[in-house]
Each structure stands twice: as C-alpha cells, then as structure tokens.
Amino acid sequence: YVMVSEDNALSGVPTRVVSAITAFYVVRKISEGIALWAISKTVFRAYFLDLWNLFDTLAIILVILANAFEGADFATPGFNAFVLALLWLKVLAFLKAVNLQMATFILSLMKIVMDIRFFMVVLFVFIMMFAE
C-alpha cells in the first residue's frame, strides 16, 4: 500500500490508471455496439438490455462522473461506494466467463438475490424506520 499525498510524485497515478482503463472500456463498448448494429438492430437491442451489460455501461458512466467530479460535493462516499459495487459486479461478470463452476455459483447467487428481493425491500423499510 502506497501513501499518496499531494507532494508525492505518484499523486495522479491512480486517477490516470482508472482513466486509461475507462477509456479502453468506452472504446470496447462503442465497437461492440457498432458491430452488433451491423449484424441486426434486434441483436443490438437484446445485447444492451441484458442485465450484465447494463451494469457494465452504468459502471463506465459512473466512473467517468466520479473522475470528473473528484473532490466536488457530488462525489460523496456513498456515491463512490455505489460505483465500487458496480465495478465488483463487473469482476463477477468476468469470472462468470472464465470458469464454468464459477459461472454456476454466480448464477445461483443471482437467482437467490432475485428470490429474496421483496424481503430486502421490507427489511430496508424496517431499517429506515428505526434509523436516526
């Protein structure tokens, strides 16, 4: 772990690395869109309305916003935590494509989360009722 301060020569490195990776994903998503549009508009629409692709696109947009508004009131810790959660979902999507057993496990977790979503809404309401 490297401490990064304003006086340190490495102070802008994490932002530049994230910007480079984000630029790669933006170019990749645009090229995917162009290729799928050339195949068929129906395939294009089905691909980009898939849940994992929506997470990917939303993560890219929010990382761009987080970098653009770094240090502003807009970039609160809650917003940054949400962006980080989307980036971890992106890692899960990658792992799903790498290993068949991991894909089965991740798809099982998604099914479980979808089955308990209404319980989570009620639990969230109860937690908010007793929060300060």
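Mentor: Helices α1 (13-39), α3 (51-68) and α4 (77-98) each supply at least two residues of the lining of the largest pocket, helices being DSSP runs of H or I with at least four residues, numbered from the N terminus. This is a predicted model, in which local features need pLDDT of at least 70 and side-chain atom pairs count only at pLDDT 80 or more, while totals for chains, interfaces and linings use all residues. Residues are numbered from 1 along each chain as its sequence is written, and side-chain values use heavy atoms, with hydrogens and water left out.

Trainee: What makes Arg28 and Glu32 a salt bridge?
Mentor: The rule asks for a side-chain nitrogen of Lys or Arg within 4 Å of a carboxyl oxygen of Asp or Glu; the closest N and O atoms of Arg28 and Glu32 are 3.5 Å apart, so the pair qualifies. Arg28 and Glu32 are four residues apart in helix α1, which means that about one helical turn separates them.

Trainee: Why is Asp115 called exposed?
Mentor: Exposed means over 50% relative accessible area, buried under 20%, and partly exposed in between (1.4 Å probe, protein chains only); Asp115 has 52% relative accessibility and therefore counts as exposed. Lys111, its salt-bridge partner at 3.6 Å between the closest N and O atoms, is at 53% and so is exposed by that rule.

Trainee: How is Arg28 classed, then?
Mentor: Arg28 has a relative accessible area of 40%, so it is partly exposed, whereas Lys29 and Glu32 are both buried. Arg28, Lys29, Glu32 and Asp56 are linked in a network of salt bridges.
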